[in-house]
Amino acid sequence: MRAAITGAMVEHLEASWLSGGDYDVLAYTALTKLQVRLLITLGLERRARNLDMKATVVTIKRIIVDPKAPDGETLAPPPCPVGLPR
């Protein structure tokens, strides 16, 4: 619960910064470090994932260079290659 609340507070600060509002760098830094510590305490850890870069480049080319499908429909964007850890 505390990790989720901390995440919401971090996102609130990020939204404030992106909208041009006040931004407390010290609070942001402290909250992000706290969230990492809480998530590690819960047993979560960062792991690298292998990405299929060839498929990602082909998908990006298809979306940016040729955004129309052969039948004229707009293609849906691909899922984010940096998804949730498994």
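**Entry 1: the model.** I noted first that this is a predicted model.

**Entry 2: the helix pair.** I remembered that two packed helices are described by the angle between their axes and the distance between the axes. I looked up both for helix α1, residues 2–18, and helix α2, residues 25–41: the angle is about 150° and the axes are 9 Å apart. Angles over 145 degrees count as roughly antiparallel, so I wrote that α1 and α2 are roughly antiparallel to each other. Their crossing is left-handed.

**Entry 3: who touches whom.** From α1, the contact is made by R2, A3, T6, G7, M9, V10, L13 and E14. From α2, I listed A27, Y28, L31, T32, L34, Q35, L38 and L39. Sorted by class, the contact has 10 nonpolar, four polar and two charged residues.

**Entry 4: the length of α1.** I checked whether the span fits: 17 residues at 1.5 Å a residue should give 24 Å, and the end C-alpha atoms of α1 are 24 Å apart, so the two agree.

**Entry 5: the buried side.** Which residues of α1 are buried? I found A3, T6, G7, V10, L13 and S16. The buried residues of α1 pack against α2.

**Entry 6: S16 and what follows.** S16 is in helix α1. Buried means under 20% relative accessible area, so S16, at 19%, counts as buried. Leaving aside neighbours within four places in sequence, S16 is in contact with G21 and D22. After α1 comes G20, and I noted its positive phi, near 85°.

Key
Residues are numbered from 1 along each chain as its sequence is written. This is a predicted model: local features need pLDDT of at least 70, side-chain atom pairs count only at pLDDT 80 or more; totals for chains, interfaces and linings use all residues. Side-chain values use heavy atoms; hydrogens and water are left out. Axes are lines fitted to C-alpha atoms, for helices over the stretch in contact, and angles run from 0 to 180 degrees between N-to-C directions. Helices (H or I, at least four residues) and strands (E, at least two) are DSSP runs, numbered from the N terminus. Angles under 35 degrees count as roughly parallel, over 145 as roughly antiparallel, 65 to 115 as roughly perpendicular and the rest as oblique. A crossing is left-handed if the near helix is turned anticlockwise from the far one by less than a right angle, and right-handed if clockwise. Contact means heavy atoms within 4.5 Å. Ala, Val, Leu, Ile, Met, Phe, Trp, Tyr, Cys and Pro count as nonpolar, Asp, Glu, Lys and Arg as charged, and the others, Gly among them, as polar. Buried means under 20% relative accessible area, exposed over 50%, partly exposed in between (1.4 Å probe, protein chains only). The expected span of a helix is 1.5 Å times one less than its number of residues.
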